[in-house]
Amino acid sequence: MEIPIYKKSAELSSYISKILRDHFGKGPESVHVSLGRTFIIVYIRNFLTPTEKVLINQNQDESVQQTRDLVMQTLIPEIKAYIKIVTGMEIREFYYDWSLQNKSAMLTGISTDSTSTDYPITEEFIGKAELINEIIHLSSESEKKPEEIYASQVNQRTILVIRNGILVRIEKQLIRQGMQEQLKLAKRSLEKGLLHNNNHFEAILDTKVIDIFVDWDFDLDKSVIVFVINPTK
């Protein structure tokens with residue numbers, strides 16, 4: 001008998017909350033799991049340890065991000081394995097990002113087509129064309145125009161944008177020289193500044209934008225952006 005989607009989401013939420021608590025010493029207030037086709041998006045709220053709060057108050061955001069990145073490298077294989085057990089999804093790409101000021105976080109997995117779920121996503125949504133154009137414009141400011149771009153609404157509160165072919169030659173050289181972590185920290189600062197300071201998204205989507213997350217897979221020259229929106233406007 002097929003397990004209902006809400007039970008799978010609840011089981012994954014509970015597991016991710018526990019694994020974060022075990023490794024960071026403090027768990028999040030809530031973990032919301034969205035499943036659709038080849039995508040799984042996890043939105044984590046109120047996740048900040050007392051030590052991290054002290055560091056952020058001392059403008060040590062980069063130290064917090066570096067420490068979290070190190071911990072995540074050990075957690076990703078475990079999380080991917082558990083997702084497969086619960087959903088059958090074979091996660092081939094995994095992205096994550098932190099919003100330290102909002103005390104929130106995002107995890108995004110993309111599975112193979114052969115292990116996709118039958119949970120639907122919305123390919124057309126309010127403001128899609130305008131959103132894509134705005135992302136292309138911002139990408140051109142921070143790196144270069146994406147070679148490909150895709151957007152879909154996974155559920156009422158989650159919009160996913162995927163960009164392919166965004167790295168410029170100097171970035172590729174830095175990656176070859178083993179400077180992935182430094183490049184990621186720099187790109188987080190630059191691109192998230194552009195995304196968060198953009199005042200067009202709410203008008204384009206006709207709703208309040210609660211959080212924006214971004215991450216990159218340098219090996220694939222690929223990036224995901226996740227918008228968490230107010231489903232009731």
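# Helix packing and burial in a predicted model

User: Which angle do helix H2 and helix H3 pack at, and how far apart are their axes?

Analyst: In this predicted model, helix H2 (residues 50-57) packs with helix H3 (residues 61-87) at an angle of about 145°, and their axes lie 7 Å apart.

User: Which residues make that contact?

Analyst: On the H2 side the contact is made by Glu52, Leu55 and Ile56, and on the H3 side by Asp61, Val64 and Arg68. By residue class, the contact of H2 with H3 divides into 3 nonpolar, no polar and 3 charged.

User: Staying with H3, where is Glu62 found, and how far is it from Ala186?

Analyst: Glu62 is found in helix H3, where it is partly exposed, with a relative accessible area of 49%. Its C-alpha is 9.7 Å in space from that of Ala186, although Glu62 and Ala186 are 124 residues apart in sequence.

User: Zooming out, how many helices and strands does the protein have?

Analyst: The protein has 7 helices and 8 strands. Its radius of gyration is 17 Å, close to the 17 Å that the globule rule gives for 233 residues, so the protein is as compact as a globular protein of that length. Taken along the principal axes, the box filled by the C-alpha atoms is roughly 50 × 40 × 35 Å.

User: And what share of the residues is buried?

Analyst: Buried residues make up 52% of the 233 residues. The protein exposes about 11,500 Å², of which carbon and sulfur atoms supply 50%. As for contacts between residues at least 6 apart in sequence, 63% of them join residues at least 24 apart.

User: Back to individual helices: what span should helix H1 have?

Analyst: Helix H1 (residues 5-24) has 20 residues, which at 1.5 Å a residue should span 28 Å, and its end C-alpha atoms are 28 Å apart, which agrees. Just after H1, Gly25 takes a positive phi of about 90°.

User: Which residues of H1 are buried, and what covers them?

Analyst: The buried residues of H1 are Lys8, Ser9, Leu12, Ser13, Tyr15, Ile16, Ser17, Ile19, Leu20 and Phe24. Their cover includes strand E1 (30-36), strand E2 (39-45), H2, H3 and strand E4 (104-111).

User: Why would residues three or four places apart point the same way?

Analyst: An α-helix has 3.6 residues a turn, so residues with that spacing of three or four places point the same way. In H1, the buried residues include Leu12, Ile16 and Leu20.

User: What about H4, what does its buried side pack against?

Analyst: Helix H4 (residues 128-142) has, among its buried residues, Leu131, Ile132, Ile135, Ile136, Leu138 and Ser139. The buried residues of H4 pack against strand E5 (148-155), strand E6 (158-164), H6, H7 and E8. The 15 residues of H4 should span 21 Å at 1.5 Å a residue, and its end C-alpha atoms are 21 Å apart, which agrees.

User: Is Ser140 buried or partly exposed?

Analyst: Ser140, which lies in H4, is partly exposed, with a relative accessible area of 39%. Ser140 and Ile166 are 26 residues apart in sequence, and their C-alpha atoms are 8.8 Å apart in space.

User: Which residues of H6 are buried?

Analyst: In H6, the buried residues are Leu183, Lys184, Leu185, Lys187, Arg188, Glu191, Lys192 and Leu195. Helix H6 (residues 180-196) has 17 residues and reaches 23 Å from its first C-alpha to its last, close to the 24 Å expected at 1.5 Å a residue.

User: New topic: what is Phe213 in contact with, beyond its neighbours in sequence?

Analyst: Phe213 sits in strand E7 and counts as buried, at 0% relative accessibility. Leaving aside its neighbours within four places in sequence, Phe213 is in contact with residues including Tyr43, Trp98, Met106, Val224 and Val226. Trp98 is 115 residues from Phe213 along the chain, and their C-alpha atoms are separated by 7.1 Å.

User: Last one, where are Asp206 and Asp221, and what is their phi?

Analyst: Asp206 is in the loop between helix H7 (201-205) and strand E7 (209-217), and its phi is near 60°, a positive value in a residue other than glycine. Asp221 is in the loop between E7 and strand E8 (222-229), with a positive phi of about 55°.

User: Are those two buried or partly exposed?

Analyst: Asp206 is partly exposed, with a relative accessible area of 40%, whereas Asp221 is buried, with a relative accessible area of 13%.

Note on methods. Residues are numbered from 1 along each chain as its sequence is written. This is a predicted model: local features need pLDDT of at least 70, side-chain atom pairs count only at pLDDT 80 or more; totals for chains, interfaces and linings use all residues. Side-chain values use heavy atoms; hydrogens and water are left out. Axes are lines fitted to C-alpha atoms, for helices over the stretch in contact, and angles run from 0 to 180 degrees between N-to-C directions. Helices (H or I, at least four residues) and strands (E, at least two) are DSSP runs, numbered from the N terminus. Contact means heavy atoms within 4.5 Å. Ala, Val, Leu, Ile, Met, Phe, Trp, Tyr, Cys and Pro count as nonpolar, Asp, Glu, Lys and Arg as charged, and the others, Gly among them, as polar. The expected span of a helix is 1.5 Å times one less than its number of residues. Buried means under 20% relative accessible area, exposed over 50%, partly exposed in between (1.4 Å probe, protein chains only). The radius of gyration is taken over C-alpha atoms; the globule rule is 2.2 Å times the number of residues to the power 0.38. Accessible areas come from the Shrake-Rupley method with a 1.4 Å probe; for residues, only the protein chains shown count as cover.
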